[in-house]
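This briefing concerns a model with two protein chains. Please keep the coordinates open while reading the points below.

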Protein chains: 2
Amino acid sequence: MNISELSTPALLIDADAFDHNLAAMAAVHPGSRLRPHVKAHKCTSLAAAQYAYGHHSFTCATPREMVGMAAAGLGDDLLLANETLDPTRLAAMAAAQDNAMITVAVDSIETIDAAAAAGIENVLIDVNVGLPRCGCQPSAAGKLADQARERGLVVRGVMGYEGHLMAIVDRNEQRAKVAAAMEQLMVARDLVGGPIVSAGGTDTFDLHTDQVTEIQAGTYALMDTYYGGRGHPFVQACFVLGTVICSNDDYAVADAGLKTQGMDHGKPSMEGATVRFLSDEHITFQALKRPALGDRVKVIPAHIDPTMAMHEAAFIVRNDVVIDRWPIDLRGW
Amino acid sequence: MNISELSTPALLIDADAFDHNLAAMAAVHPGSRLRPHVKAHKCTSLAAAQYAYGHHSFTCATPREMVGMAAAGLGDDLLLANETLDPTRLAAMAAAQDNAMITVAVDSIETIDAAAAAGIENVLIDVNVGLPRCGCQPSAAGKLADQARERGLVVRGVMGYEGHLMAIVDRNEQRAKVAAAMEQLMVARDLVGGPIVSAGGTDTFDLHTDQVTEIQAGTYALMDTYYGGRGHPFVQACFVLGTVICSNDDYAVADAGLKTQGMDHGKPSMEGATVRFLSDEHITFQALKRPALGDRVKVIPAHIDPTMAMHEAAFIVRNDVVIDRWPIDLRGW
């Protein structure tokens, strides 16, 4: 099937670009040096491709991602890089421990108690390295680790996501700030112990020293306009396919609106066209060449993570031929 | 069940606020004077409540909404206020004509031909009244109507959505601009004929004369911060419920991130708190009173339509007691 036969809007993954990205990352961070982040795609088929590239440990942001990855046989080493107090969901993850290695992030006595009560076996101490989100202060990490161990939990180490340092224009400035943030994480590491020091993302994937034992990158596999154009060796591999349903001398409209892609990083982009605005089910754009009704257009998302979460499936394409369909099976919570 | 027992993030609909909104709108636009827009909620259970308030005709934005409404027994009079060239989806809507009245918008000879070829019986001529999106020029509407009738289609009238005139600060200015836009629609009406003149939205629901035979409002039922505070007689009825998973003297974090709500209108709001930022699965906020871990918080979406589309179900609550669960069953396309 050609993409011209797909009903739209439809999510496309370019197989060759995707493969390029996985190869490029595996060359820099092979095996367990990369812990791919499932939140960026929510798709076990995609995760299986990352697994085939040698990455057998994964990062998740939701309990559903954790349980779904375990059920898909991808549970060698799953980290919930997020806090939860939900006894039902913690119990679901604990039940998955029969077939998977489950580790959850904790950053407070409450999250430790919730994990222990649910029968979770492994935790990581989540450390705040400057992003105003979850994570304990570095100096508090040791006491939390002690409290976790007192409750019988295995403390595998620390994590600290430097999300506030993504997309800094000057890469030298970014490198210096990442180094300073990681100094904070090393303070916690020394207090906590354990083999794992987990950090990083796609935009800082090449800015970490070996002090960080694993990188939590996710966007690299598919990319978006936010991390694109930053000099990384990853190419755009994901597009929202739309059909032109209206076209005149001034603008054209396709059926790839804001319900098809994340808008928190602003408008998406299109090659050879300027995007004017999006509404629920439409994108209005000005193309260099006036498109005909029925033409297909490819929209480049500004933020891949929420975009993936809006679709039931992604179509895998090579030279505009559809070669597979992957359910986005880890949506929701 | 109390909302404190819900797993989060969860979408809440306050039953009394929702009922207030439906009553307030039905008082102004009873029966078929309102054609509620399903795109704002994508939920047949919610549409059934609108039906019970006397509105038996509905507006849809996607073929799936059309087919799903028909399957739910809510197909008395369904309008696809959007263009499609997709033969598969047009055929699905045509098949629904056995149990439902289906009307689709057309604005070009291509969309007319596609509708006729699929066996669609009824169309409405979509007219551009200033919003740079779909719709023919008013002067072209008559010829399109003729072409549609030549192909055996019943032309029920015209529609023209003044989406570019929503949220204008000065309501007198807005009223004048709406009137000017509707003059354009009347030009088309006079050329086209047919009983229906369909236009409007929640923010202009009270700015139309009787020349417009029906109002396509959707947001009014649940509301959001974009249309809230504009003096309308509708109250906030929908919230994203989150759980506080991190809290310190500076800020707190709950699990209601940007994958739980539309961000195209900017950040959501919270009563008694300032929202700092959202990431995929988190909202960081500063509350007047430091929340405790496990506290529930209600986030008010900035844009209700994409928010609904991100959830599998909505929980109907009264005084924080969960009284029902409505699947968001018309998601996707």
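The model is predicted: local features need pLDDT of at least 70, side-chain atom pairs count only at pLDDT 80 or more, and totals for chains, interfaces and linings use all residues. Residues are numbered from 1 along each chain as its sequence is written, while chains are lettered from A and ligands numbered from 1 in the order in which they are written. Helices (H or I, at least four residues) and strands (E, at least two) are DSSP runs, numbered from the N terminus.

- The same surface serves both copies, since 100% of the contact residues of chain B recur in chain A.
- In number, 44 residues of chain B are in contact with 44 residues of chain A, where contact requires C-beta atoms, placed from the backbone, within 7 Å.
- On the side of chain B that touches chain A, at least two residues come from each of α4 (87–95), β9 (238–247), β12 (273–279), β13 (282–287) and α8 (304–309) of chain B.
- That side of chain B has 17 nonpolar, 13 polar and 14 charged residues; Ala, Val, Leu, Ile, Met, Phe, Trp, Tyr, Cys and Pro count as nonpolar, Asp, Glu, Lys and Arg as charged, and the others, Gly among them, as polar.

**Nonpolar core**

- The largest nonpolar core has 220 residues, of which A:Ile125 and B:Ile125 touch the most other members.
- Such a core is a set of buried Ala, Val, Leu, Ile, Met, Phe, Trp, Tyr and Cys residues joined through C-beta atoms within 7 Å. A residue is buried if 20 or more other C-beta atoms lie within 10 Å of its own, exposed if 12 or fewer, and partly exposed in between, with C-beta atoms placed from the backbone.
- Not counting residues up to four places away in sequence, the residues that B:Ile125 touches include B:Val106, B:Cys136, B:Leu144, B:Val155 and B:Val192.

**Sheets**

- Chain A has an open sheet of seven strands in the order β2-β3-β4-β5-β6-β7-β8, with parallel pairing; strands pair if DSSP finds at least two bridges between them.
- At the edges of the sheet stand β2 (57–60) and β8 (214–215) of chain A, each with a single partner strand, so one side of each is left without a neighbour in the sheet.
- Four bridges join β2(A) and β3(A) in the parallel sense, and A:Ser57 stands opposite A:Asp77 in β3(A).
- From β2(A), A:Ser57 and A:Thr59 point one way and A:Phe58 and A:Cys60 the other, and all are buried.
- In chain B, strands β3 (residues 77–80) and β4 (residues 102–106) pair in the parallel sense over three bridges, with B:Leu78 opposite B:Ile102 in β4(B).

**Helices**

- Helix α4 (residues 87–95) of chain A has A:Arg89, A:Leu90 and A:Met93 as its buried residues.
- Seen down the axis of α4(A), these fall within an arc of 100 degrees, so they line one face of the helix; the arc is that of the directions from the helix axis to the C-beta atoms.
- The cover over the buried residues of α4(A) includes α3 (63–71), β3 (77–80), β4 (102–106) and α5 (109–118) of chain A.
- Just after α5(B), B:Gly119 takes a positive phi of about 90 degrees.

**Backbone geometry**

- The peptide bond from A:Thr8 to A:Pro9 is cis, with omega near 0 degrees, and A:Pro9 is found in the segment before β1 (10–14) of chain A.
- The bond from B:Thr8 to B:Pro9 is also cis, with omega near 0 degrees.
- B:Lys42, a residue other than glycine, has a positive phi near 55 degrees and is buried, with 25 other C-beta atoms within 10 Å.
- B:Ala167, in the loop between β6 (154–160) and α7 (171–192) of chain B, has a positive phi near 65 degrees and is exposed, with 12 other C-beta atoms within 10 Å.

Notes:
Two residues are in contact if their C-beta atoms, placed from the backbone, lie within 7 Å.
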